[in-house]
Amino acid sequence: MTDTSAAHPRRFGRITLDVRQNLSAWKQTLFVGGSLLIGLAISVAILAVAGIAPLTLASELASVLTAESLRGVLVQAAPLVLVGLGASLAFRIGFWNLGLEGQMIFGGIFAAAISIWEIGPASTRLLLMGIAAAVGGALWVLLVAFLKNRFRVNEIIATLLLNYVAMYFLFHLLYGAWQDSKTAFPQSTPFRPFERLGDIGYGIDGGLLIALAGVLVAGWVLHLSRAGFYTRFISANPKMAQIVGVPVQTMTLCIIAASGACAGLAGFVNIVSQEGRLTQSFSNGYVFSGVLIAFLARNDPILVAIVGFLIAVLFITGQTLQVFYQIPFAMVQMIEAIIVIAVASSEFLIRHRIRWIR
């Protein structure tokens, strides 16, 4: 009697990947939400190893949402929403703008220059500072667009490296001509009262209004205007868009400039509402937060406002953990990175289907 098992080994099957043609919105939300929960679970486990029990962490999150702490969350949410909006605008056209910190820095520098050189009357000084900040951020990112179009420089490398150029230029100013002579600290002189964002009620300054206005304008442009249709066309197939007459170059430059302007406004909001002067660290950590917000919001301006608020809660909670539990800021940034990786991984399941074939 012959043994056929050796000649014909048993096959248990194989795993195949199929490209999904279409996936409903609720399933995409399910994949993103599941990945987000996995990232949060890993973060909770890391904090538990660091000595913070999950129940303690939950109580700290609950305390952040009290009326008093909520004001701080909303103040922190304004620059986060603007920087997330800048990232999402650039990502929609396939431009990987990772120079948000550099654009924030130049936005802050341009705004502080209006104050230091006393340009314009006091009644319009704050408006001029905001316009200058938007122009500064836009010009800094347009430099990257020029390098990409003229010399084929990868925008990821260019934006990341220009962050350091902007940072050291800021150090040059704050340790030099713009240093506060009274304190001798590397920071500018304090802004005057009419150069600060006013209180709109409940302890919240006008930075939140600027962020919400930016969200509404971007949402209208991308969802209801012809420019939004052009943007979707360019993102899907830029060569075909150019063939049918879409102004690809003009639209791309406009969206890139708007991305930098949002980051510049984030720097402006940060220094005139939270810092009160130009400091050397007012933009630290915002590039990761902007990318995280854009990923979680799936580059939708309206969702950026919601996700920006949630990241602000994470920021305030992280500050509380640093003060009372001696958790380093690097761990807070690591948690953000874990969430980014988890959400980015959900794109694989959204675009591909895993099947087991027996």
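## The largest pocket

The lining of the largest pocket is made up of 20 nonpolar, five polar and one charged residue. Keep in mind as you look around that this model is predicted. The pocket has a volume of about 680 Å³, and 26 residues line it. To find its centre, look for Leu-36, Leu-40, Leu-310, Ile-311 and Ile-339, the lining residues that lie nearest to it.

Which of them gives the most? That is H12, with ten residues.

## The second largest pocket

Next comes a pocket with a volume of about 520 Å³. Its lining has 14 residues, and those nearest its centre are Gln-28, Arg-298, Glu-347, Ile-350 and Arg-351. Here the elements that give two or more residues are helix H11 (286-296) and H13, with H13 giving the most, three residues.

What kinds of residue line this second largest pocket? Six are nonpolar, four are polar and four are charged.

Now turn to helix H4 (residues 100-116) and helix H10 (residues 248-275), which pack at an angle of about 60° with their axes 7 Å apart. The two are therefore oblique to each other, and H4 passes H10 in a right-handed crossing.

On the H4 side, the contact is made by Leu-100, Gln-103, Met-104, Gly-107, Gly-108 and Ala-111. On the H10 side, the residues include Ser-259, Gly-260, Ala-263, Gly-264 and Phe-268. Together, the residues of this contact divide into seven nonpolar and eight polar, with no charged ones.

Methods
Residues are numbered from 1 along each chain as its sequence is written. This is a predicted model: local features need pLDDT of at least 70, side-chain atom pairs count only at pLDDT 80 or more; totals for chains, interfaces and linings use all residues. Side-chain values use heavy atoms; hydrogens and water are left out. Axes are lines fitted to C-alpha atoms, for helices over the stretch in contact, and angles run from 0 to 180 degrees between N-to-C directions. Helices (H or I, at least four residues) and strands (E, at least two) are DSSP runs, numbered from the N terminus. Angles under 35 degrees count as roughly parallel, over 145 as roughly antiparallel, 65 to 115 as roughly perpendicular and the rest as oblique. A crossing is left-handed if the near helix is turned anticlockwise from the far one by less than a right angle, and right-handed if clockwise. Contact means heavy atoms within 4.5 Å. Ala, Val, Leu, Ile, Met, Phe, Trp, Tyr, Cys and Pro count as nonpolar, Asp, Glu, Lys and Arg as charged, and the others, Gly among them, as polar. On a 1 Å grid over the protein atoms alone, a cavity is a set of points where a 1.4 Å probe fits but cannot get out, and a pocket is an open set with protein on both sides within 12 Å along at least five of seven lines; lining residues have an atom within 4 Å of a point. Grid points are joined across faces, edges and corners, and a volume is the space filled by probe spheres set on the points.
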